[in-house]
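Welcome, and thanks for having the viewer open. Let's take a short walk through this model, one selection at a time.

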2 protein chains.
Amino acid sequence: MKETTLKQIAETLGISITTVSKALKNYSDVSPKTKQAVLDLAHSLQYTPNSFAVNLRTKESKTIGLIIPEVVHHFFSSVINGIIAEAEQHGYLVIILQSNESLELEKKQVALLLNKRVDGIIISLSNESNHDAHLKEILQREIPFVQFDKISKLIPSSKVLINDQKAAFEAVEHLILKGCKKIAHIRGPVNPQNAIDRFIGYKKALEQYNIPFDSRLVYTCKNVTFEEGKMFAKEMVSQHPDVDGVFVITDLVAVGVLAYFNEVQIQVPQQIKVIGFSNWFMSQVITPKLSTVDQPSYEMGVTAFNLLLQEIQSKKDSQSFEPQVIELNTKIIERESTL
Amino acid sequence: MKETTLKQIAETLGISITTVSKALKNYSDVSPKTKQAVLDLAHSLQYTPNSFAVNLRTKESKTIGLIIPEVVHHFFSSVINGIIAEAEQHGYLVIILQSNESLELEKKQVALLLNKRVDGIIISLSNESNHDAHLKEILQREIPFVQFDKISKLIPSSKVLINDQKAAFEAVEHLILKGCKKIAHIRGPVNPQNAIDRFIGYKKALEQYNIPFDSRLVYTCKNVTFEEGKMFAKEMVSQHPDVDGVFVITDLVAVGVLAYFNEVQIQVPQQIKVIGFSNWFMSQVITPKLSTVDQPSYEMGVTAFNLLLQEIQSKKDSQSFEPQVIELNTKIIERESTL
DNA sequence: GGTAAAATCGAAAACGTTTTCGATGAAAAA
DNA sequence: TTTTTCATCGAAAACGTTTTCGATTTTACC
């Protein structure tokens, strides 16, 4: 009960391995007769090429690697969805690894993927990532490489992004236009570029509308969790009871903020308005429904894969490839929490 | 700028490829001197074995395949988390595919994984799955194979499960003990074994407590969505306004039920008590907080991988392997919706 | 019939590794 | 010195495919 090989087909048909291989790949220098015979026998023996051998010979595995901080996360799982769907369409499979927001793991996983000789790598950096030697290694080995969402500006690879500054600006502007005068910000960790950019967007919006920036109104998440949202909400209302609006790094944390406000009976949006980021599914099912910034996660995955595919193709054709940076559009979703 | 190979190391050191290979794998018939020389040079040239060649030679890829109905799903993404974490621990990578609840896709993806020659396959069946020829194919090719959660009873592979009947029984019993007299059930689609089992558990609990079963109180989801939850809730209260408890196939749908009750100001738990299934994260952040059945999803992933690994190992050692069925424990989480 | 062109085929190398088994030389025992 | 043992090494096959390039056969043409 062994696997069928070209050799077996060749021997039973009394022809050479070469011809069998060519017949299966529809080469023009095989007569219709032999071609048919090979096809028939291959089919009846359920021949499938040994992909290990194909990989070795062609030096590609039709497999790409994906490293993300967390799988159990609405945004990232949506991106995964986009990537594996698009990859499958184009005949690629996806190996997924999770850095758990740890730089150490991320490094190890990049090494793993390089050793596996995947055809390309897509990554969203962990919050801890402030080194990029491992990313440079990818470039240096000339492995097609795309970053998305949480990226390193210093690495000249293709990127798929949203304009975090602009999106954050719009979110804070939304609060201002709804009448907020004193707006706090619960920001993400210090390293990630998108946390930085959203913070900048927050400041710019305040500036634009002549609201003084007060660094005491900025709270910095470490782990970006529901619990941190509750904690900072509590801290915030005790320190600055007159805050009337808060812009939160992401919906998960914002939901924590709402949970605390619910507990202590602070009225949202009457007393404080809240806006989140990323449009997690849960934001539309909680009370009050959370206003947020919609981020095209699925599309982000699709775009990231297609960029990678372009680079893989040009590498195969030994063409040069210019890294591209694609910015996708966000939009404000107004719900009850800022009504 | 080519990849380093054994051949290169051998030539620069003036020894044979064989010896280089043995040195790197710490064979005993290589002198300490040569061993060290090889190790040093390999390190300075950043040698990593070509995994394509290793795969071909050893007939294994240290890669497993995972097929699940949906990635963007709290339960499944938690299982993924468990599987890839445990797999990485043991030196395996995981290719993830998504059947989108489609039998057709599922079949195709099994074929994809078989062609890729993964070392093993873990699967949770799609709702549409009522055929199992593709699963039999896996067994017939003697690929290590584990099913979890949504399984086919007819396929004698290893399985990781919860006792859906028992868990559902306990959930409904919980409603009864809280005083519910007329309990509806929003069930899952007709095919999946776990939807069937939860339905049976529901009936058994009613029977045990002498509550007559009424098939009109059973609503059958097609897509298991938030929207279906809202829809069936509406249908239910209009047809049977005296229902005072409802057991829902999964939290996502239950959250839809709560959303409708919220809209039309039906008091939960005063008028109707609601219990879900699976303990999705969002269940603890909505109002009222949803009671549910906790299902050890991460642990399920870990267990599934370890079962697969056992089978992979015994196959390598040409030992026989008896498929195992492991049942993990669930527990009722009491929250506001059944208080 | 002879030659040129076209159609069809296959030998062999290559991809890079692992492993078996025999060869060689040196050290130990006789 | 001869024989035996042990340590160290390498030739070569194997894994299964793809592809180049030359060889052979068939067909077409004069």
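**Stop one: a helix of chain A**

Select A:Asn50 and A:Phe52 at the start of H4(A): a side-chain oxygen of A:Asn50 comes to within 2.8 Å of the backbone nitrogen of A:Phe52. Keep in mind as you go that this is a predicted model.

Now show the whole of helix H4 of chain A, residues 51–58, and pick out its buried residues: A:Ser51, A:Phe52 and A:Asn55. Look down the axis of H4(A): the buried residues lie within an arc of 105 degrees, so they line one face of the helix. What do the buried residues of H4(A) pack against? Bring up chain B, and you will find its helix H4 (51–58) and helix H6 (103–116) there. Before moving on, click A:Lys59, which follows H4(A) and has a positive phi, near 60 degrees.

**Stop two: DNA strand C**

Next, select DNA strand C and the 27 residues around it; those that come nearest are A:Thr19, A:Lys22, B:Leu6, B:Tyr47 and B:Arg57. Colour this surface by residue class to see 11 nonpolar, 9 polar and 7 charged residues. H2(B) gives the largest share, 4 residues.

- A:Ser16: a backbone N or O atom is 3.0 Å from a phosphate oxygen.
- A:Thr19: a side-chain N or O atom is 2.7 Å from a phosphate oxygen.
- B:Ser21: a polar side-chain atom is 3.1 Å from a phosphate oxygen.

Key
Residues numbered from 1 in each chain as written. Chains lettered and ligands numbered in written order. Predicted model: local features only at pLDDT ≥ 70, side-chain atom pairs only at ≥ 80, totals over all residues. Heavy atoms only, no water. Buried < 20%, exposed > 50% of the residue type's maximum accessible area, 1.4 Å probe, protein only. Helix = DSSP H or I, 4+ residues; strand = E, 2+ residues; numbered from the N terminus. Arc of directions from axis to C-beta. Contact = heavy atoms within 4.5 Å. Polar contact = N/O pair within 3.5 Å; in protein donor to acceptor, adjacent residues only side chain to side chain. Near = heavy atom within 4 Å. Nonpolar A, V, L, I, M, F, W, Y, C, P; charged D, E, K, R; others polar.
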